[in-house]
Amino acid sequence: MKKGFKLLALVFFISLIFTNCKRNNESSSSVIEKIKGEEIAVLTEAPNVPPPITRNYATKVIVNLEVIEKEMEMMDGVTYNFWTFGGSVPGSFIRIRQGDFVEFHLKNNPNNKLPHNIDLHAVSGQGGGAAATFTAPGHETQFSFTALNAGLYIYHCATAPVGMHIANGMYGLILVEPKEGLPKVDKEFYVCQGDFYTKGTYGEAGLQQFDMDKALKEQPDYVVFNGKVGSLTGDKSMKVKVGETVRLFVGNGGPNLVSSFHVIGDIFDNVYVEGGSLVNHNVQTTLVPAGGSAITEFKCDVPSTLILVDHSIFRTFNKGSLGMLKVEGEEVKAIYSGQQDDRIYQSEGAPQSMPDVPKVASKPLTKEEKLIQGKSIYSSTCQACHQADGKGIGGAFPPLVSSDYFASDPSTIAKTIIHGLSGKITVNGKTYDGVMPKQTLSDAQIASVSTYILNNFGNKGGEVTAADVTKLRK
Amino acid sequence: MRNFFIAIILFANLSVYGQGQTTMVNIKGGFYLPLYSLDSQKIVVKPFLMDIYPVTNMDYKKFVLQFPDWRKSKIKSIYADTNYLHHWTSDTNFNALLAFSPVVNVSWFAAKKYCECQGKRLPTVAEWELAGKANETKPDATKDLKFNQWLLNWVSKPNTRMLANVGSTFKNYYGVWDLHGLVWEWTFDFNSALTTGESRGDSGLDNTFFCGGGSFASKDINNYAAFMRFASRSSVKAKYGVPNLGFRCVKDKIAQ
């Protein structure tokens, strides 16, 4: 009898070893912690992140997430019918602790047209919750899971056709903090990239429809951070102080593109590769897969405007993937001097030339429409050099503020955009000797951005039409 | 004064479709290839008659006046959830502007009963999809890019604040209005949409319809609008009331 029991126990033990499919390492644990208490998850809209978790025990967390289909801006003057988790793109940020027991409620707003569900990559279980949360409009579903693995995870809608649900904005991030918590930093932000496919090309005004053909070909018109061109620029830039440490929770909803995430002007001290437990150091650019994430940490050593980009760089210059993090404070010359000299250097090199791609002219815009469109084009195409305030950068990029260079002839701006410009010029009494490549913009886009410049930055006003630009091209 | 105008609107509508709620048109039979089928097993659809319009609130009011068991205060909870006729202000009243809008928030049980009481029945998925393939000019517009884009545009938009009247979208090749562009519609076998292939177990019902699974074994992976309809059908249960789900009836064609 006793022997039989021993044998049974042995068989049981061996079967445990063989059936345990979880890899035994620090980040995953099949031991379920005792649950103490209950709380309702704080959900935040990007770029904000819920406060760090200070508990040293597992609790029951109730998450209430509502699906809302609504028309929102994708760029100033361009709207789109987004499908959202919580009313924004990306969806609400969810923050829990490893070991927590999550009671998840998915609510499908009664005004929505379609059923939706949610696949949280943080869930071990059928469909990541998708099968349990398939919800008709005007209904609410519920399921529970224990957060076994720490990490930063994407969640997304997984209702067929899944690509279209994601392409319309249905994704967000859920952070499962390790039991010991994440190291303390001064500031945390939520940045999530997504690619969008519209009938009209980049910048075409009005309500844009989903373009299935472009989506299948994986040729997006927009690649943006936080759901909109300019969601993290100008007044909406993230702000920190010199000396502060920053943590970015970076996600990529896709649906198609893999992001080459890079911050111009700083180096990631730490990257939690793919949002997991492997920490790499001294990284310039980190890959963020579609349906994946990364956590990046860095210290902001000097004052500057750090530029967040997808370094698959045409997406940044021409499709919108640009964000800003302003670091304010005292200069630290020992780390970064700024420009120390500017002297003449002559070379035989020919100026850079871009292929000449004629663009079909769009319908004529009113001056008001041009100013709106022009602002967007400026921020995506011109701002990187001429700066948001139009002041340029001394010695390198001439100012557009109260510029005497084009004051007497407003067509100068359009000509410069069409043909590019190289060699020595004088602007407001200062000499510049650089190269501006010609820009591949349509006639209407050039008219808009020229009009925008003429009516901003203290310039004298005026208007340029697409027809003017067409003439100037010849 | 306002009521007077409403009366005019109602009258105008009535004159547009006359005895519309009882009018049916012939749908010539054909073959229907289910979105989910492991083999190219076509379903034969016999000729049938289909309501020209979805059932309206007004039509449905007549039904509950005649069959009080189906009023919202009386209906048995196994036949409908609490969304049943949620948009009606009482057992027999609703905003007069909705009189000729499709009735929504009705359960499958109620829709089925309604049709039976008219001597009709709910269409099968195959019948509905066969009729739904038509655009204004062609019986099968499934490969028509413009038609497909129109369908996708409609599904992309949230519901309008107030549902439009029946007869406000388009009249298709067969003379049927509003199969697309107004509301989703109940079908008789809505919940068997995924079990058309005999070689797939019923366990497939739960897990075929999300993520990549959605395209697995589909015969028409690019027909996104059809996926949306199938997703919509799969997300409901027979007692559900949904704010954009209505119905219409069909009838077998009796050989002349």
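Tutor: Take the second largest pocket of this predicted model, to whose lining strand 20 (304-310), helix 4 (314-319), strand 21 (322-328) and helix 5 (367-386) of chain A each contribute at least two residues. Helices (H or I, at least four residues) and strands (E, at least two) are DSSP runs, numbered from the N terminus. Since the model is predicted, local features need pLDDT of at least 70 and side-chain atom pairs count only at pLDDT 80 or more, while totals for chains, interfaces and linings use all residues. Residues are numbered from 1 along each chain as its sequence is written, chains are lettered from A and ligands numbered from 1 in the order in which they are written, and side-chain values use heavy atoms, with hydrogens and water left out.

The volume of this pocket is about 1000 Å³, where a pocket, on a 1 Å grid over the protein atoms alone, is an open set of points with protein on both sides within 12 Å along at least five of seven lines, and a volume is the space filled by probe spheres (1.4 Å) set on points joined across faces, edges and corners. The lining has 31 residues, and those closest to the pocket's centre are A:Ser304, A:Thr305, A:Ala384, A:Gln387 and A:Ile393; a lining residue has an atom within 4 Å of a point. Strand 20 of chain A gives the most to this lining, namely 5 residues. By class the lining divides into 16 nonpolar, 11 polar and 4 charged residues, counting Ala, Val, Leu, Ile, Met, Phe, Trp, Tyr, Cys and Pro as nonpolar, Asp, Glu, Lys and Arg as charged, and the others, Gly among them, as polar.

One of the residues closest to the centre, A:Gln387, has a positive phi of about 70° although it is not a glycine. Most residues other than glycine have a negative phi.

Helix 6 (residues 411-419) and helix 8 (residues 466-473) of chain A have axes that come within 10 Å and cross at roughly 55°; axes are lines fitted to C-alpha atoms, over the stretch in contact, and angles run from 0 to 180 degrees between N-to-C directions. These two helices are therefore oblique to each other, given that angles under 35 degrees count as roughly parallel, over 145 as roughly antiparallel, 65 to 115 as roughly perpendicular and the rest as oblique. Their crossing is right-handed, that is, the near helix is turned clockwise from the far one by less than a right angle. In contact (heavy atoms within 4.5 Å), A:Ser411, A:Ala414, A:Lys415, A:Ile418 and A:His419 of helix 6 meet A:Val469, A:Leu472 and A:Arg473 of helix 8, a set of 4 nonpolar, 2 polar and 2 charged residues.

Helix 6 of chain A also meets helix 7 (residues 443-454) of chain A, where the axes come within 9 Å and cross at roughly 135°, which makes this pair oblique as well. The crossing of helix 6 with helix 7 is right-handed. Its contact joins A:Ile413, A:Ala414, A:Ile417 and A:Ile418 of helix 6 to A:Ile446, A:Val449, A:Ser450, A:Ile453 and A:Leu454 of helix 7, and these residues divide into 8 nonpolar, 1 polar and no charged.
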